[in-house]
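I opened my notebook to look up a few things about this protein. Come along and check each entry as we go.

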Amino acid sequence: MNRTSAAWQLTAGGARLAASLMFACVFVAFIYKIVMRYAAGDAVAWADEISVVLFVWIIFWANAFVVADRRQIRFDLVVRLLSPGGRRAAAIARLTIIGGLFLWALPGVLDYIAFLWRERTPVLSLRLDFVYSCFGLFVVAVVVRSGIELFHLVRPGWRRYV
């Protein structure tokens, strides 16, 4: 295993660990809320807010850094019927459209996230730019992954990627 591959595996493992830890925190907050509601008669509002914020982070974090593009849900009934060259063309078109749209939207997304520094969550007063910064990471990851896949599809040896 070369250094690049080892570094990539370590980074991917760290991303999976972060997603797992966020999910564990959601579970702990959920259990705490249930115990406090029935044992102490206290509706712990912060647990709801933490759960919602972490769910938002889990969804965008995992889709940006954990779930491979090939494992995403696709409607490929027609694409599977195409020849390898047709599948390549369809993949190039899909990646160009998706990557291009996300790249086009990126400045507006980052600008809006930066704008949200003024707003805070109702219970814990977390800044909304922090809460939704995971969406910015997701958009950047989609653009980068689309570019990498396009790079592989336009080079010799593209059949491994179709």
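Is Phe60 buried, partly exposed or exposed? I found that Phe60 has 23% relative accessibility, so Phe60 counts as partly exposed (buried is under 20% relative accessible area, exposed over 50%, partly exposed in between, with a 1.4 Å probe and protein chains only).

**How I read the model.** I noted that this is a predicted model, where local features need pLDDT of at least 70 and side-chain atom pairs count only at pLDDT 80 or more, while totals for chains, interfaces and linings use all residues. Residues are numbered from 1 along each chain as its sequence is written, and side-chain values use heavy atoms, leaving out hydrogens and water.

**Confidence.** The protein chain averages a pLDDT of 91 (the predictor's confidence in each residue, from 0 to 100), and 99% of the residues score at least 70.

**Rings.** I looked up nine aromatic pairs in the structure (rings of Phe, Tyr and Trp, the last by its six-membered ring, with centres within 6.5 Å; planes under 30 degrees apart are stacked, over 60 edge-to-face, the rest tilted). Phe60 and Phe138 make a tilted pair, 5.3 Å centre to centre with 50° between the planes. Phe60 lies in helix 2 (residues 45-66) and Phe138 in helix 5 (residues 133-153), so this pair ties together parts that are 78 residues apart in sequence (helices are DSSP runs of H or I, at least four residues, numbered from the N terminus). Phe138, at 15% relative accessibility, counts as buried. I also noted a cluster of Trp57, Trp61, Phe65 and Phe130, linked by ring pairs.

**Last entry.** Tyr38 lies in helix 1, and at 69% relative accessibility Tyr38 counts as exposed.

Note on methods. Helix = DSSP H or I, 4+ residues; strand = E, 2+ residues; numbered from the N terminus.
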